[in-house]
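Have the structure open while you read.

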Amino acid sequence: MAKPRPAVSRNLLIAALPGKQLRDLLARCDDVELKFGNVLYSQDQRIRHVYFPTSAFISLISSVDGRPRLEVGLVGNEGMLGMPLQALVQGAGSALRIEAAQFSRVLKQSPALREILTRYTHVLMNQLAQMAACTCFHLVEARLARWLLMTRDRAQSDEFDLTQEFLAYMLGVRRVGITRAARSLKQRKLIAYNRGRVIVLNGRGLERVACSCYAAGRQMYARVMRTSAN
């Protein structure tokens, strides 16, 4: 009998599997380290591996007609990566990786995994739709606060590395807009920011500034995935 790896419990989807189905999945997974800036998938290309992040987190990015790319989703240890969108490692760290063909076979044999992933897909599609609407209707400062909170949750830390150039790229706005929004959050002592290092000083205060998408996304995940665990 294979022993569960220490990192396994850090991915919430895998941790929810019952014993034998957990072991069958783990037997086919490799432990990998993902580096910041690595492109795991290119948009519309064949998916060769499925990833279950344990400490890394990955941005899902979309582009249309050659226009600047925009982040439409963020995946950390609460989920899995296996969609035909460009996938860019935003936070370096570890993940479990399985070949797509092997994953398909495990999925057919694991009713618990099918149930969990059906629910997670519902959550993720809601996140994609919500972030698209957020980009159109919410102010940059509120979107930045939401994005910093999402990053904090997936980094599992109040401190993480982030440049204003990368933020502008992720939020689809000019760098000057990010500079103004970050300065406002810093002046209100919600964050500290220096040389690409962000520290969340007041998480509750940042939640009050963030647009409603942050709370809505957390509530959706808790409601849908809790149902799956019952």
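How many cavities of 30 Å³ or more does a search of the whole structure find? The answer is one. Keep in mind that this is a predicted model.

**The cavity**

- The largest cavity holds about 30 Å³ of space.
- Its lining is made up of Leu144, Leu148, Leu167, Ala182, Ile191, Tyr193 and Val198.
- H5 and strand E9 (191-194) each bring at least two residues to that lining.
- What classes do those lining residues fall into? Seven are nonpolar, with no polar and no charged residues.

**H5 against H4**

- Helix H4 (residues 111-137) packs on helix H5 (residues 140-155) at an angle of about 150 degrees, and their axes are 11 Å apart.
- Angles over 145 degrees count as roughly antiparallel, so H4 is roughly antiparallel to H5.
- On the H4 side, Gln127, Met131, Cys134 and Thr135 make the contact, and on the H5 side it's Arg143, Arg146, Met150 and Arg154.
- Sort the residues of this contact by class and you get three nonpolar, two polar and three charged.
- The crossing of H4 past H5 is left-handed.

**H5 against H6**

- H5 and helix H6 (residues 164-171) cross at roughly 105 degrees, with axes that come within 11 Å.
- An angle from 65 to 115 degrees counts as roughly perpendicular, so that's the label for H5 and H6.
- Arg143, Leu144 and Trp147 of H5 meet Phe166, Leu167, Met170 and Leu171 of H6.
- This contact has six nonpolar residues, one charged residue and no polar ones.

**H5 against H7**

- Helix H7 (residues 175-187) packs on H5 at about 70 degrees, with the axes 9 Å apart.
- That angle makes H5 roughly perpendicular to H7.
- H5 puts in Val140, Glu141, Leu144, Ala145 and Leu148, while H7 puts in Gly177, Ile178, Ala181, Ala182, Ser184 and Leu185.
- By class, the contact of H5 with H7 comes to eight nonpolar, two polar and one charged.

**The largest pocket**

- About 400 Å³ of space lies in the largest pocket.
- Which residues lie nearest its centre? Of the 19 lining residues, those are Glu78, Arg154, Gly217, Arg218 and Tyr221.
- H4, H5 and helix H9 (212-229) are the elements that give two or more residues to this lining.
- The lining splits into nine nonpolar, five polar and five charged residues.
- Arg154 also turns up on the H5 side of the contact with H4.

**The second largest pocket**

- The second largest pocket has about 160 Å³ of space.
- Met80, Gly82, Met83, Phe103, Leu107, Leu117, Tyr120, Thr121, Leu124 and Met125 line this pocket.
- Helix H3 (100-109) and H4 each supply at least two of the lining residues.
- Which element gives the most to this lining? It's H4, with five residues.
- Eight of the lining residues are nonpolar and two are polar, with no charged ones.

Notes:
Residues are numbered from 1 along each chain as its sequence is written. This is a predicted model: local features need pLDDT of at least 70, side-chain atom pairs count only at pLDDT 80 or more; totals for chains, interfaces and linings use all residues. Side-chain values use heavy atoms; hydrogens and water are left out. Axes are lines fitted to C-alpha atoms, for helices over the stretch in contact, and angles run from 0 to 180 degrees between N-to-C directions. Helices (H or I, at least four residues) and strands (E, at least two) are DSSP runs, numbered from the N terminus. Angles under 35 degrees count as roughly parallel, over 145 as roughly antiparallel, 65 to 115 as roughly perpendicular and the rest as oblique. A crossing is left-handed if the near helix is turned anticlockwise from the far one by less than a right angle, and right-handed if clockwise. Contact means heavy atoms within 4.5 Å. Ala, Val, Leu, Ile, Met, Phe, Trp, Tyr, Cys and Pro count as nonpolar, Asp, Glu, Lys and Arg as charged, and the others, Gly among them, as polar. On a 1 Å grid over the protein atoms alone, a cavity is a set of points where a 1.4 Å probe fits but cannot get out, and a pocket is an open set with protein on both sides within 12 Å along at least five of seven lines; lining residues have an atom within 4 Å of a point. Grid points are joined across faces, edges and corners, and a volume is the space filled by probe spheres set on the points.
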